[in-house]
Amino acid sequence: MLNFEYYAPTKVIFGKATESLVGKEIKTRGGKKVLIHYGGESARRSGLLDRVENSLEEAGIAYVTLGGVKPNPRLTKVREGVELACSQNVDFLLAVGGGSVIDSSKAIAYAIANPDQDIWDFFDGKARPTACLPIGVVLTIAAAGSEMSNSCVITNEDRGLKRSLNTDLARPCFAIMNPELTFTLPPYQTAAGAVDIMMHTQERYFANEKNNELIDRISEGLLITVLHNAPLLLKNPKDYNARAELMWASSLSHNGLTGTGRVGDFACHKIEHELGGMFDVNHGAGLAAIWGSWARYVYRHNVGRFAQFAVRVMGCPMDYDAPERTALMGIEALVEFYRKLNMPTNLRDLGIPQVTDEQIHEMAEKCTNGGKLKVGNFVPLGIEDIKQILQLAR
């Protein structure tokens with residue numbers, strides 16, 4: 001087990017009607033003027049925004065609102081939020097939504113706190129932020145884990161680039177998690193969220209470090225929990241217990257816990273970011289379309305690790321005479337699970353039937369900064385590796 005630091009400062013307020021506490025939480029942190037950032041108008045139609053605004057008014061906190069965040073949150077919306085927040089002297093960001101809304105809020109908070117630097121420079125790796133406005137979250141989708149993570153992903157639509165920025169400065173102060181707020185999610189979003197949750201753990205599970213048994217078991221338990229509860233929600237979207245399990249799994253999958261003592265991989269995330277940047281696909285669905293091809297490409301690097309995953313997580317029998325067979329069974333079992341969730345398992349199913357060799361080369365080139373970098377740690381992947389994985393996924 002490697003040396004590690006574990007930092008998870010986000011206060012979690014979990015359960016029914018907890019969104020009514022948002023005003024109190026911001027007031028205790030000194031917030032005077034809040035930007036409420038959200039996605040579509042369903043947040044208004046459902047009454048959620050009204051309840052949030054009432055809570056702020058009861059606490060004597062002023063606010064302005066900005067909706068319109070889309071999946072794969074856009075840099076243009078971030079810039080719009082910065083302009084509004086600065087003109088209104090906002091001192092606190094409140095994200096009401098899922099990962100896209102939270103990430104957009106984080107980017108706005110970075111930009112306001114670092115006024116002398118263009119916000120895209122942070123995502124492009126040209127600079128590092130030194131401060132961030134405080135952020136709170138009212139979570140409406142169990143998926144990205146951004147409500148407790150140090151991660152933020154923004155798409156520069158003009159350049160077709162989707163890039164991440166990870167610093168502890170942007171970890172939310174608090175996250176309000178009411179599973180009832182996820183009851184109305186469409187089945188596709190619920191399933192894509194389940195894939196994202198699993199992938200955040202799998203990106204850390206497939207690591208080269210040994211003798212990290214506790215984190216292995218925590219990770220395996222989290223994955224099994226999602227495997228059990230996600231199908232239940234496709235049958236009954238208002239199953240509170242299943243929604244609660246998925247919502248808490250979302251946070252624990254990406255708050256750093258399952259990565260302690262090891263170095264994560266995240267090659268699939270890097271590759272999917274290029275798919276998102278070029279084709280604007282759903283993130284969880286993009287991960288499902290990529291993972292099987294990545295796994296088949298790299299599993300021989302550590303057959304035992306994949307065999308352990310197959311047995312402990314996917315419930316496959318161990319073939320001691322041919323552990324490679326067990327490893328492949330586990331890969332296929334997870335791919336089949338994605339199919340049962342109606343998730344894509346290749347680019348054609350993802351809605352990209354005509355991806356060209358030129359587009360594959362462009363994505364691989366962007367992913368590796370023109371071939372200068374390798375992505376992933378389990379098996380570091382260069383430009384030709386990524387091209388082969390994308391071709392397998394085609």
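Here is a walk through some helix packing, a few loop residues and the cysteines of this structure. The model is predicted, so a local feature is described only where pLDDT is at least 70 and side-chain atom pairs count only at pLDDT 80 or more, while totals for chains, interfaces and linings use all residues. Residues are numbered from 1 along each chain as its sequence is written, and side-chain values use heavy atoms, with hydrogens and water left out.

Helices (DSSP runs of H or I, at least four residues) and strands (runs of E, at least two) are numbered from the N terminus. Two packed helices are described by the angle between their axes and the distance between the axes. Here the axes are lines fitted to C-alpha atoms, for helices over the stretch in contact, and angles between N-to-C directions run from 0 to 180 degrees.

Helix α7 (residues 187-205) and helix α11 (residues 283-298) have axes that come within 7 Å and cross at roughly 60 degrees. The two helices, α7 and α11, are therefore oblique to each other. For that word, angles under 35 degrees count as roughly parallel, over 145 as roughly antiparallel, 65 to 115 as roughly perpendicular, and the rest as oblique. On the α7 side, the contact is made by Tyr188, Ala192, Val195, Asp196, Met199 and Gln202. From α11 come His283, Gly284, Ala285, Leu287, Ala288 and Trp291. Contact means heavy atoms within 4.5 Å. By class, the contact of α7 with α11 holds 8 nonpolar, 3 polar and 1 charged residues. In this scheme Ala, Val, Leu, Ile, Met, Phe, Trp, Tyr, Cys and Pro count as nonpolar, Asp, Glu, Lys and Arg as charged, and the others, Gly among them, as polar.

Helix α10 (residues 267-279) also meets α11: their axes come within 9 Å and cross at roughly 125 degrees. This pair, α10 and α11, is therefore oblique, and its crossing is right-handed. The α10 residues in the contact are Ala267, Cys268, His269, Ile271, Glu272, His273 and Leu275. Facing them from α11 are His283, Gly286, Leu287, Ile290, Trp291 and Trp294. The contact of α10 with α11 divides into 8 nonpolar, 4 polar and 1 charged residues.

Two further helices bring us back to α11. In α15 (residues 383-393), the buried residues are Ile383, Asp385, Ile386, Lys387, Ile389, Leu390 and Ala393. Buried means under 20% relative accessible area, exposed over 50%, and partly exposed in between, with a 1.4 Å probe and protein chains only. These buried residues of α15 pack against α10, α11 and α14 (357-367). In α12 (residues 303-312), Val303, Arg305, Phe306, Ala307, Phe309 and Ala310 are buried. The buried residues of α12 pack against α7, α8 (213-235), α11 and α13 (323-340).

While we are at α7, look at Thr190, which lies in this helix. Thr190 is buried, with a relative accessible area of 5%. Leaving aside neighbours within four places in sequence, Thr190 is in contact with Leu185, Leu233 and Arg243.

Now for the loops. Gly145 sits between β5 (135-139) and β6 (151-156) and counts as buried at 0% relative accessibility. Gly145 and Ser251 are 106 residues apart in sequence, yet 4.6 Å apart in space, C-alpha to C-alpha. Beyond its neighbours within four places in sequence, Gly145 is in contact with Ser250 and His254.

Most residues other than glycine have a negative phi. Asn72 has a positive phi of about 55 degrees although it is not a glycine. Asn72 is in the loop between β3 (62-66) and α4 (75-87) and is buried, with a relative accessible area of 5%. Asn369 also has a positive phi of about 55 degrees. Asn369 lies in the loop between α14 and α15 and counts as partly exposed at 45% relative accessibility.

Finally, the cysteines: a search of the whole structure finds 0 disulfides (pairs of cysteine sulfur atoms within 2.5 Å). The sulfur of Cys132 is 8.5 Å from the closest cysteine sulfur, in Cys152, too far for a bond. Cys132 counts as buried at 18% relative accessibility, and Cys152 counts as buried at 0%.

Terms used:
Left-handed = near helix turned anticlockwise from the far one by under 90°.
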